[in-house]
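The tour below moves from one selection to the next.

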Amino acid sequence: QVQLVESGGGLVQSGDSLRLSCAASGRTGSTYTMGWFRQAPGKEREFVARITYDGAYTYYGDSAKGRFSISRDNAKNTVFLQMNSLKPEDTAVYFCQARVGEVDYWGQGTQVTVSS
């Protein structure tokens, strides 16, 4: 089992930056890929970014490319999402995900609201 707790969301203005954090606990001795997804009201959950367990590879959804950056600190069992140049369409609940083998674990999400 892996427990994930997101933090760092909030209300910002268009063009601002935010840094989300996701702290993992439980089965943290395992190596696993971690990622961020988001879900806006009335829309399906959308892939944002993913990082391999060693941080060597990162992947981004189209909406995140060029503006968002994912990183991780395995010593602190934490993954980060740096979001720059935020837009109102980035408004969503952001969820942290950890993939251990074939099992996905999810956090409860943190709200990000970007006003125009």
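Over the face of which residue does Arg 19 lie? Select Arg 19 together with Phe 80: in this predicted model, Arg 19 lies over the face of Phe 80, at 3.9 Å from the ring centre.

Next, turn to the aromatic pairs, of which a search of the whole structure finds two. Begin with Phe 37 and Phe 47, whose rings are edge-to-face, 5.5 Å centre to centre with 70° between the planes. Colour strand E4 (residues 33–39), which holds Phe 37, and strand E5 (residues 46–51), which holds Phe 47; the two residues are 10 apart in sequence, so their pair ties these parts together.

Is Phe 37 buried or exposed? With a relative accessibility of 12%, Phe 37 counts as buried, because buried means under 20% relative accessible area. Phe 47, at 23%, is partly exposed.

Trp 106 is partly exposed, with a relative accessible area of 34%.

Display the three residues at once: Phe 37, Phe 47 and Trp 106 are linked into a cluster by ring pairs.

Finally, select Arg 45, which lies over the face of Trp 106, at 4.7 Å from the ring centre.

How values were computed. Residues are numbered from 1 along each chain as its sequence is written. This is a predicted model: local features need pLDDT of at least 70, side-chain atom pairs count only at pLDDT 80 or more; totals for chains, interfaces and linings use all residues. Side-chain values use heavy atoms; hydrogens and water are left out. Rings of Phe, Tyr and Trp (its six-membered ring) pair if their centres lie within 6.5 Å; planes under 30 degrees apart count as stacked, over 60 as edge-to-face and the rest as tilted. Helices (H or I, at least four residues) and strands (E, at least two) are DSSP runs, numbered from the N terminus. Buried means under 20% relative accessible area, exposed over 50%, partly exposed in between (1.4 Å probe, protein chains only). A charge sits over a ring if NZ of Lys or CZ of Arg is within 6 Å of the ring centre and within 35 degrees of the ring normal.
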